[in-house]
Amino acid sequence: MRWGLHPRGPGAAALAAARNLWVSPRLRCHPGWRGTTRRLLVRSVTGASNQLQSSNNGRYRDTVLLPQTSFPMKLLGRQQPDTELEIQQKCGFSELYSWQRERKVKTEFCLHDGPPYANGDPHVGHALNKWFSFPTGVDLENGTCAHPLIPDKASPLLPANHVTMTKGTGLVHTAPAHGMEDYSVASQHSLPTDCLVDEDGVFTDVAGPELQNKAVLEEGTDVVIKMLQASKHLLKEEKLVHSYPYDWRTKKPVVIRASKQWFVNITDIKATAKELLKKVKFIPGSALNAMVETLDRRPYWCISRQRVWGVPIPVFHHKTKDEFLINSQTTEHIIKLVEQHGSDVWWTLPPEQLLPEEVLSQVGGPDALEYAPGQDILDIWFDSGTSWSYVLPGTDQRADLYLEGKDQLGGWFQSSLLTSVATRKKAPFKTVVVHGFTLGEKGEKMSKSLGNVIDPDVVINGGQDQNKEPPYGADVLRWWVAESNVFNEVTISPSVLNAARDDISKLRNTLRFLLGNVAGFNPETDSVPVNDMYVIDQYMLHLLQDLANKITDSYKQYDFGKVVRLLRAFYTRELSNFYFSIIKDRLYCEPAGGPKRRSCQTALAEILDVVLRSLAPILPHLAEEVFQHIPYSKEPKSVFRTGWIRTSSIWKKPGLEEAIESTCAMRDSFLGSIPGKNAAEYKVIIVIEPGLLFEIIEMLQAEETSSTSQLNELMMASQTTLLSQEPRSVTTDVIERKGTFLINLEGGDIREESSYKVIVMPTTKEKCPRCWKYTAESPDTLCPRCAEVVGGK
């Protein structure tokens with residue numbers, strides 16, 4: 001018998017529509033039934049089903065279907081990297097890339113990563129003009145000073161923005177060949193920029209016999225002081241400690257000097273480059289503005305360097321005149337030599353062999369050659385900036401993705417853009433992903449020169465003292481990278497790596513639960529049609545499709561941090577804390593092949609598949625390890641050879657949210673009334689006023705009172721009673737909780753707020769010795785459900 005039902009709220013038509021969406025005892029959801037988007041609040045539950053894994057010590061141990069899998073719960077110490085290496089070999093990681101390319105199932109995706117180099121990253125220097133002081137400077141402007149060491153030489157007094165009255169006298173000497181600010185002043189006023197220092201840092205003969213061959217920062221300084229003393233122009237001598245540029249490798253002071261270099265005037269191509277950048281996707285978007293700003297500040301590109309290694313600039317210099325030789329004939333000849341013998345020919349072959357015969361005869365012949373090969377090499381960013389012309393496939397020669405650190409907005413990203421625009425008027429990339437730098441635990445920059453660089457091999461395999469530097473394995477390192485906000489600075493430390501390892505340990509437990517509970521299940525023969533599944537199982541597939549879509553979209557946006565956050569939230573909240581706690585009784589205590597258990601296993605198999613494929617790009621070793629333990633998996637035995645996430649559109653049923661979330665709201669009221677107590681020791685009466693909410697909840701329970709209904713499974717009580725009005729009498733020891741829930745369907749067309757009451761009281765039943773639910777008549781007898789299952793066996 002059912003208590004009276006009186007339609008109201010949205011009216012009888014709305015209730016009829018709601019009824020048509022359900023088929024008792026199974027939930028059928030009309031495709032057009034749209035629910036509101038809510039976040040399910042999960043409260044951890046203590047109940048009989050949570051204790052079942054310890055119940056196998058009793059006489060009914062063999063009748064309980066506990067999880068079965070050989071997948072290990074933990075990998076300790078060396079087990080992690082050793083297992084990863086074994087998986088790499090067993091699953092053929094080294095052949096995956098070539099296998100994928102050979103299949104050519106889809107259009108190739110081209111990632112062009114930055115070329116590695118042995119030298120440090122270059123940084124763009126900027127002259128910052130902050131203050132303009134000089135009434136004193138204005139009064140002295142256009143005056144002259146006598147040179148202290150060269151008679152009759154007048155030095156002009158000139159204004160400059162970098163000189164201020166806040167430091168010193170406001171008057172400084174100018175050395176146009178030895179500083180950017182001084183060079184700028186000299187260029188503005190057409191001063192000579194003669195350099196008296198050679199590449200070894202010593203004075204040349206032009207400096208005079210007293211200074212010639214003296215190192216400028218050593219004995220040269222002492223000689224200058226003595227010369228000033230001799231000419232009686234030294235007013236004071238003292239030692240000062242001040243900031244000075246040092247070489248980060250040799251730890252020695254740097255001598256800045258002007259030298260002749262090769263430049264590319266990029267003024268004419270900047271406008272085209274900036275226009276093409278508008279069609280490039282930058283991640284993060286702010287990187288576009290940063291790159292454009294860097295480009296705007298760069299009128300020229302210095303493409304020459306003076307080093308002992310690198311790609312030579314194929315220019316010949318006249319031995320006595322300030323002339324050079326380079327043309328299409330000489331360049332093509334050098335190209336052929338390099339193709340045959342490598343770039344070292346520039347230094348190993350005699351100069352006469354580096355020129356084509358027709359040019360050689362015009363410049364003195366082999367015996368009186370007037371030109372010598374230049375010693376300058378190409379800027380490495382010019383060298384790597386042209387890599388697109390060789391490594392990118394197809395006639396379009398554009399990479400789907402360029403990936404590098406933010407310092408490359410003025411380096412490789414820009415050099416690649418400029419060379420591509422100059423030669424073919426197109427950008428070499430479709431998308432640019434810019435990441436930040438890695439910092440130490442205290443936020444300090446990681447640098448080889450500082451000696452604080454963490455070796456990835458030590459993270460993976462451990463250090464010499466593995467108590468201090470334990471082996472984390474590659475997956476932990478990959479998880480840390482993925483979860484970090486790589487578009488900003490990220491920190492790495494033992495505490496960060498330990499947290500990543502803990503995350504993966506929790507994930508392993510979730511995966512182990514999934515593997516253990518699909519034992520004996522074959523998706524091809526045992527799966528339950530979606531519309532015949534339990535409501536909670538259908539709801540999980542609904543959430544799963546939403547997760548899969550968000551995961552896929554996040555990967556497309558290269559937002560791996562979001563992938564990690566989505567996965568972590570799903571396996572901790574929706575799975576471990578919510579779904580798993582509800583379904584354990586159905587998994588362990590229902591008949592092995594019964595429809596209730598198969599419904600649950602159908603959902604678990606789909607969850608395992610989606611979660612596994614979602615984490616595979618980030619945790620490939622764990623994904624493959626799990627894949628090898630799936631009891632029903634077939635060839636090929638590699639998750640990476642079986643495609644991406646697959647879901648079904650029929651999983652999407654927003655209306656399920658109303659059923660599950662309203663029930664969970666009532667369950668929260670129930671659990672909140674018995675804090676810390678075992679929910680299975682209580683029975684619950686739910687009273688809902690007649691209306692849409694009652695109709696929805698009623699479809700979860702076909703009879704008024706039940707210990708085995710879908711509603712009781714969600715409540716996790718001993719038994720649940722559903723009424724549309726207050727019971728006639730209750731005992732004095734009951735606990736009552738009231739609440740309301742807003743039903744919002746069809747995009748707001750159907751809205752109704754309903755009141756409910758949850759009445760909680762201790763159960764009068766005894767604990768079943770098999771399922772441990774309080775549904776038995778005595779401690780020594782099975783509950784009706786378990787008696788039927790055991791008897792059926």
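1. How many disulfides does the structure hold? The structure holds 0 disulfides, a disulfide being a pair of cysteine sulfur atoms within 2.5 Å. Cys 589 is in no disulfide, and the nearest cysteine sulfur, that of Cys 786, lies 5.1 Å away. The sulfur of Cys 771 is 3.7 Å from its closest cysteine sulfur, also in Cys 786, which is too far for a bond.

2. Cys 589 is buried, with a relative accessible area of 0%, and Cys 771 is buried at 1%. Buried here means under 20% relative accessible area (1.4 Å probe, protein chains only).

3. This is a predicted model, in which local features need pLDDT of at least 70, side-chain atom pairs count only at pLDDT 80 or more, and totals for chains, interfaces and linings use all residues. Residues are numbered from 1 along each chain as its sequence is written, and side-chain values use heavy atoms, without hydrogens or water.

4. The chain averages a pLDDT of 84, and 88% of the residues score at least 70; pLDDT is the predictor's confidence in each residue, from 0 to 100. Over residues 1–37 the pLDDT is below 50, and this stretch has 86 contacts beyond near neighbours in sequence, a contact meaning heavy atoms within 4.5 Å. Where pLDDT is low, the predicted coordinates should not be read in detail.

5. The chain has 26 helices and 20 strands, taken as DSSP runs (helices H or I, at least four residues; strands E, at least two) numbered from the N terminus. Buried residues make up 44% of its 793 residues.

Notes: Buried means under 20% relative accessible area, exposed over 50%, partly exposed in between (1.4 Å probe, protein chains only).
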